[in-house]
Amino acid sequence: MTDLVHVTIDEREVHVPKGTGLVETALAAGVEIPVFCYEPRLGDPVGACRMCLVEIEGNPKLQAACTLTATDGMVVRTARTSGKAADGQNATLEFILVNHPLDCPVCDKGGECPLQDLTFRYGPGNTRMSFEKLTFEKPIPISPTISLDRERCILCYRCTRFSESVSEDGQLVARNRGAMSVITTFEDEPYSGPFTGNVTELCPVGALLPTQYRFEGRPWEIQNVPTVCGMCSVGCNVNATVREGKVKRILSRNHPEVDEGWICDKGRFAFTHLRAEDRIVDPIKRIRLRGFEHVSWDDAVDEAERLLRAARGRVVVALSGSETVEQAYALAKLVRVGLDSHEAMLPEEVSPALDAYRAPLSSIRDADVVVVLGDVPLEQSAPIVDLWVRAARRAGARVDTELDEKAVRNAQRPVLIWSGPGGRGGATIAAHAERLGVKSAFYVPTTPNGRGVADAWAACCDDEPADLESVGLLIVSGDEAANDPNVRALAEKAESVIAISMFHSLVAGWADLVLPGTSYLERDGTYVNLEGRLQRLRRSAIPPAPDELAWISQLASRFDVEVAPHAPVVFAELSERIYGGLSFGEVGERAPLRTYAGAPAHVEAPPLPEPAVKGEGLRLVSYKPLFSGPAVERVEELQFQRPPAEVELARDDAKARGIANGQTVTVSHNGTSVQLRARIAKDMHAGVVRIAREHAGDLRGTVEVSA
Amino acid sequence: MAIDAQPALVLGGAVEEPLRDLASYRAVGGYAQLERARSMTPQQVIEELIASNLRGRGGAFFPTGRKASFIPSPDKVAKPIYITVNADESEPGTFKDREIMLRVPHRLVEGCLIAAHAIQSRFVFIYIRGEYSAEYEILQAAVDQVRAAGLLGEVQMVVHRGAGAYICGEETALLESLEGKRGQPRSKPPFPAIEGLYASPTLINNVETITTIPVVLQVGPEEFAKIGVPPDSTGTRVFCLSGNVVRPGAYERPHGITVRELIYDVGGGITGGRDLKAVMVGGSSFPVMTPDELDTKLDATSLGQKGLFIGSGVITAIDDRACIVQFALRVAQFYMHESCGKCTPCRVGTRWLVQLLRAVENGTATEHDLELLLDVCDRIIGKCLCVLGDSAAMPVASCVTKFSEEFHAHLEHGGCPFGADSSLDRLFAPVDQHAHVTVPA
Amino acid sequence: MSLQAEIQKVAKRYPDSKSAILPALRLAQEEHGWLSPEAIEEVGEALDLTPAYCMSVASFYDMFNLEPAGRHTIEVCTNVCCGLVNAQAVLEAFERELDVVPGETTADGEITLRAVECLGGCATPTIVAVDHRYRQSVKPEDVPSIVREIRNGN
């Protein structure tokens, strides 16, 4: 039980747990202490901006409230009741505005700017500064996605603290001293990495702004739609800023258990793929071998019906794992109930054994031992999970990439994470957790909703797939499936193919019928993230074509199957089966991690596979980089973030082969070889090499690296 | 320059010739007090320091023994305990620590080892300003000699060189710098005694303070406490006399000598027999003294009654040729140059002060600007993260109030009434030289 | 010994190698003449810090050159104590002798002239630091011989 302390703030009495920050304590008493530099998510307070000056009884000097915590009997006077504190606050605000250009009319931050708001509430009505303000060249692109206006910067150091103590990339720093201090990167290098965009939200003024949003909207012209990111399995809670039906910007929407208000640059900046040049907006029908024509929706649905009828009992659906639960369920109902075809190609394995070890991602931060297995860096597979692990390490946790069983058994709050191939949908990590008595374990799927899609498909009916001699029709659901070589191989064998895709170049030429796909930002529905958390997607932008549910519903009716065109209705039906009857509305804007009535409490994990016999050569881990995939490929300003053509290898392996960091090497396997730059990575295990999939060519299995 | 000590305590044995090698320091009783201290319990050493009422010579004048007593004993914390010696002497007008390191480096080392024994520390870092090259070499040689002689015991001693930043003389900025960061002060609490270097308990003392510790033990705390102006200002100071005086130099004298005595009796008066206009007392960070205050004793209480500070023992005489606006401007330029940039009032305020003072000097200011100048000072004082902002505002405000007529004369004259005759005319300030400050595009 | 090895040796003196950044930057500057991007990168590599971090720290301290500087530096104290006894005349004498303004390097790349804040030699004004060695009580008339001495490599 935490000790409560009694604090008086502006003559209001409040009891808070001992150690509560004074800013929060004041808030509990209904008193606002204005701040700029204070941001508890950035670590210890720094007391730099001096906006939060208050008077503490017994202390002759004004104190920065943000640096203090509540102690029993403390008597605090803020600017509301202390003339001295008010003078201090006025002084700070006047100083902050001395060099600020006050160009609010043309500043993208205007209207949603803490400096503007606090000046409005507390600031001087005029300026006494009659000399030259500090001027700098502006705006400076510190990366293709972020621009910096140094004249607007008030040097609160939020951005540099983020770079140093949250993302730990150490790229965004202050240069010079005193009045000449500026925020910068090293030389001309762009600020890069998975998390850079967060500084645009941390910035309390219009100094760091996303270039994509430059002059794109005023606050009174926009709406923020609370939804969930669909770019990876974390499912960060986001707001999509919409103006005139178009998504203009993605902002974080702090879910303290999932993302703590951080999002990655893919989630933030890749949304412009919605407006890609090769976006498919009309159905496309293949004519002859390689030609195609745009057809009307009526014709398209007729054609789809024809193809489906011809393949009754022999339809296979290749799923992407990016469908909403509702979409997957609707497709399943159409194909399974309507056409008696039960075969699906799921994007990845999903093991229910992990359910017994579910925990919120935020629990990672409180761990004392974190073991991350699987050889694919979390910042590539699930960036926000990487931030939680870094937070745990800063708090003193031991973070291992090899399983030290003794350490795990001795830990108070161990957490196991699997990121990479060989995880068997979570079964492997569940088996380890079971064996070692660990209570929370995570598996990082490669798709944003693989679990939801698999569950929805299974929930539709109980019939088992029959052995198929031939595939009558392959339905390729979504771009990830369309991009999958296995799906493409199956498409070669199928008698006909219907593809649902957003992008022309992915499907043109090999699908008989192409139906326009939509993005997660254009859909209503639900996703299940890697924690097993069911979260709500809200339609932020109107898709350029009817969404999947609309035409699946229409098509289903032709096979006497009832599928509603609205996500809430589909969800209601499905929820009765797998989510304990939860209503669509109850999913919630910040969804809790739920367990559902009727779900088995514990599914035993299948036994661990025999450890592979260590053979000759190096085991290749070819991974899907964060900045890859159909959406990223269509966002020009993200191209600088794409992985360099390099092979990562362990120091010892490099040494044994006489390979230096940065050297060009040949990676070969079975007669195929690729030339790459060698990067000696500290976190790599001996015997393993890592290459981004797009640079791995035909390499697989075991490879050799030579200078 | 002159070196003189009456009595010779801190500079004892080193007034005529520097005492740089171990043998000659031992010949004047060096390291005997270390031996004695080591035969005492740590607590006993701290009690002697408390009884002596030795106070910090770096500027804050905090009781040294009490400071040491704040350090938790090693059995109460799971972390190492550090001593950090502040040899980042950069306060304008101050050169006593340099003189001490040049003349009696071993007394400093001995003081470090006694302090280490008192707080049971095994790690001593001496942070010496980067510009002190010869001083570094002499001090490092002394440490090497002591190490070779086996006197360090279990104590590790590292002489760490700064790289040119006045702010690193602020204790928490010094710790940040020593940890390999930009030397920006930390917000307190936590205080260094609890969370200092590497978040461990840390004792930070100025060079002269530490060097006085063997003296306290040698003369005995009770006798030491009788020197100077008991009970608050005990012992001697190595006063730094400079400016327009006949014999500038480092003079060790007991607390309580008057400014007049130092300037006229010890220093031989003002060069060329000119009139004295003002005195920078304690350093440039404090209000200036006017000639009518010359009989003030140099002890904390007497100075405090006049709103003045003893600081780092600086006495800089300014004769009647100096334009006080130019003086204030040059002081403000120094603090603008040295502001670390962390907190708003100091970073912005010091630049604004420079702009306002330049306007007064150029004759473009108005009556309103003079009021604003005082108001900006007021808005800096007591609002900053560390004392650097106050250090800029206090001297400037004191110039404006104590030399109000001269400031007004600038307004009336439409510029500096001294013209080229001012001794500070056109004095260039590094803040105007941004060759080393580049703003990347 | 290579710069890397030298830095790593210095780093061993400290409980945390990051503490060695000032000595490391000093060594790098001595070797490269200034803290070029390459020099900064070398320091970063040796101490496992990002180049941006090293640059950020270096730019905080006056003694590091983030721009090319002359082989020799002349630093003239122009703070008040030296200023009261005509440091300005000394500085101006150097400006004339070297044909540069404070902060600049001579055309031949030999000498950088700087005005600096108090060097702690207030009783022997004007203090001039030549390659960080103090010359005391420098008068304007001493300037030509000081410059000559530097140019003669003495």
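**Legends to close-up views of the predicted model**

**View 1. Helices and strands of chain B.** Chain B contains 17 helices and 11 strands. For its 441 residues the globule rule gives a radius of gyration of 22 Å, and the value for chain B is likewise 22 Å, so this chain is as compact as a globular protein of that length. The coordinates shown here and in the following views belong to a predicted model. Taken along the principal axes, the C-alpha atoms of chain B fill a box of roughly 70 × 55 × 35 Å.

**View 2. Burial and contacts within chain B.** Of the 441 residues in chain B, 61% are buried. Among contacts in chain B with a separation of 6 or more, 72% are between residues 24 or more positions apart.

**View 3. Helix α6 of chain B.** Helix α6 of chain B comprises the 14 residues 105-118. An α-helix has 3.6 residues a turn, so residues three or four places apart point the same way. Gln120(B), which follows α6(B), has a positive phi, near 55 degrees.

**View 4. The contact between chain C and chain B.** This contact takes 57 residues from chain B and 45 residues from chain C. On the side of chain C that touches chain B, at least two residues each are supplied by α2 (21-32), α4 (51-58), α5 (80-83), α6 (87-98) and β2 (111-116) of chain C. The largest share of this side, 4 residues, comes from α2(C). By class, the side of chain C that touches chain B consists of 23 nonpolar, 12 polar and 10 charged residues.

**View 5. Helices and strands of chain A.** Chain A has 32 strands and 20 helices. Its radius of gyration is 28 Å, close to the 27 Å that the globule rule gives for 707 residues, so chain A is as compact as a globular protein of that length. Along the principal axes, the C-alpha trace of chain A spans about 85 × 60 × 55 Å.

**View 6. Burial and contacts within chain A.** In chain A, 53% of the 707 residues count as buried. Of the contacts in chain A between residues at least 6 apart in sequence, 70% join residues at least 24 apart.

Methods. Residues are numbered from 1 along each chain as its sequence is written. Chains are lettered from A and ligands numbered from 1 in the order in which they are written. This is a predicted model: local features need pLDDT of at least 70, side-chain atom pairs count only at pLDDT 80 or more; totals for chains, interfaces and linings use all residues. The radius of gyration is taken over C-alpha atoms; the globule rule is 2.2 Å times the number of residues to the power 0.38. A residue is buried if 20 or more other C-beta atoms lie within 10 Å of its own, exposed if 12 or fewer, and partly exposed in between; C-beta atoms are placed from the backbone. Two residues are in contact if their C-beta atoms, placed from the backbone, lie within 7 Å. Ala, Val, Leu, Ile, Met, Phe, Trp, Tyr, Cys and Pro count as nonpolar, Asp, Glu, Lys and Arg as charged, and the others, Gly among them, as polar. The expected span of a helix is 1.5 Å times one less than its number of residues.
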